[in-house]
Amino acid sequence: MKRTLYITTLAVLLLGSHAAPARLPAQAAPPPAKKASAIQVLMITSDEIKLPAEFQISLYENLIQQLEKQGGFRHVYREGDRNADGAADLVVLHSTVRGFKKGSEMARNVTTVSGKTSIDVHCQFTDKDGKSVLERDLNGKVQFFGGNLRATLDFAKKAAKLAHDNFAANPVS
Amino acid sequence: MVLRTMRRATFCLVGILGFTALPSVAQQPAAGNKVVQVTGLAGVKANTSGNLTLENGSLQFASSAAKVSVPIHSVEDVITENDSQRVFRGTIGTLTMFAPYGSGRFLSLFRSKIDTLTIQFRDTDGGLHGAIFTMALGKADPFKKNLVSQGARTSIPVQDDSGSSNTKPDAAKEKKP
């Protein structure tokens, strides 16, 4: 009886391990449109939403920091950087805030369930000529610990990962 | 006996006075504003405490580990706002969340009001930078006035954004680069 159980378990495990790689290609994301060695980050805009200046700056600075941290791009240029003009394969990241809810750190600490801060940002990657190559809506939020600005770090990590996965010329770095 | 007691009391008094006088003497030479650099300055870690001063046409942030200077003429925007923060923050603040009987939650009710100063400036290559500082309540507006008087630009005139961000005029709020 024990032996049968052992064989069955082994068979299930073996089948599972063989089946998993077969399923993976089907779930894989579509191939990236273009690889780039440099990325330029433009200042975050918020035409429809009234975004406090500290959130705007924090989004921008965290985005640049996370892109540099993730690696994969030889250069991460800021808005207005003259050196970006000479970069051949440059991708430009435009970010527009579409939704913003400033929560309360005190409410989060006291109630745990309320006081969430969240930011919805529309990210558009364009090539040097301004042609859109990828568009995605991303969200940054802080639900439990930390100040409200932590939501910007959450967004920056997601955006940097998106850029890295789709455009990084050296994804290993 | 009485003399000895009096002498002891005098020593104690002198000791206490000397001890309390020390911090005030130490605070006097510290010109400028004590601030916390939240993010933005190159080479300075996030949430670093330091001194923010205006010297020789530049905005200088000096902490124990680093000193950063930004030319005032390169500052494109200065915005002040109000915020609040936990009195018990950082590692201790996080640890208080695990304190028994909900005492951590109770402690998080204690908050102090602060001013935030946000600046945007360009580096020598034209790259746009931003930096956020927090400082004691009521310090940001006078600092902004000084900054603007020395050549920094602002999208919101000084007299219009004293107080919270809610008091800003609509035209000022609409400004985004």
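## The sheet

Chain A has five strands that make an open sheet, in the order E2-E1-E3-E4-E5, with mixed pairing. Strands here are DSSP runs of E with at least two residues, helices are runs of H or I with at least four, and both are numbered from the N terminus. Two strands pair if DSSP finds at least two bridges between them. At the edges sit strand E2 (75-78) and E5 of chain A, each pairing on one side only. On average, neighbouring strands of this sheet are turned by 25° against each other, direction ignored.

Let's zoom in on one pair. E4(A) and E5(A) run antiparallel and share 10 bridges. In E5(A), Arg136(A) is the bridge partner of Cys123(A).

## Where the model comes from

This is a predicted model: local features need pLDDT of at least 70, side-chain atom pairs count only at pLDDT 80 or more, and totals for chains, interfaces and linings use all residues. Residues are numbered from 1 along each chain as its sequence is written, while chains are lettered from A and ligands numbered from 1 in the order in which they are written.

## Helix H4

H4(A) lies across E1, E3, E4 and E5 of chain A, at about 150° to E5(A). Angles like this run from 0 to 180 degrees between N-to-C directions, using lines fitted to C-alpha atoms, for helices over the stretch in contact.

How far apart are the end C-alpha atoms of helix H4 (residues 150-167) of chain A? They are 26 Å apart, which agrees with the 26 Å its 18 residues should span at 1.5 Å a residue; the expected span is 1.5 Å times one less than the number of residues.

The buried residues of H4(A) include Leu153(A), Phe155(A), His164(A) and Phe167(A). Buried means 20 or more other C-beta atoms within 10 Å of a residue's own, exposed means 12 or fewer, and partly exposed is in between, with C-beta atoms placed from the backbone. What covers these buried residues includes helix H2 (53-70) and strand E3 (90-101) of chain A.

## Meeting chain B

In all, 25 residues of chain A are in contact with 25 residues of chain B; contact means C-beta atoms, placed from the backbone, within 7 Å. H2(A) gives the most to this side of chain A, with six residues.

Now for Asp81(A), in the loop between E2 and E3 of chain A. Is Asp81(A) buried or partly exposed? Asp81(A) is partly exposed because 19 other C-beta atoms lie within 10 Å. Among the residues that Asp81(A) touches are Gln40(A) and Asp125(B), not counting residues up to four places away in sequence.

Technical notes. Contact = placed C-beta atoms within 7 Å.
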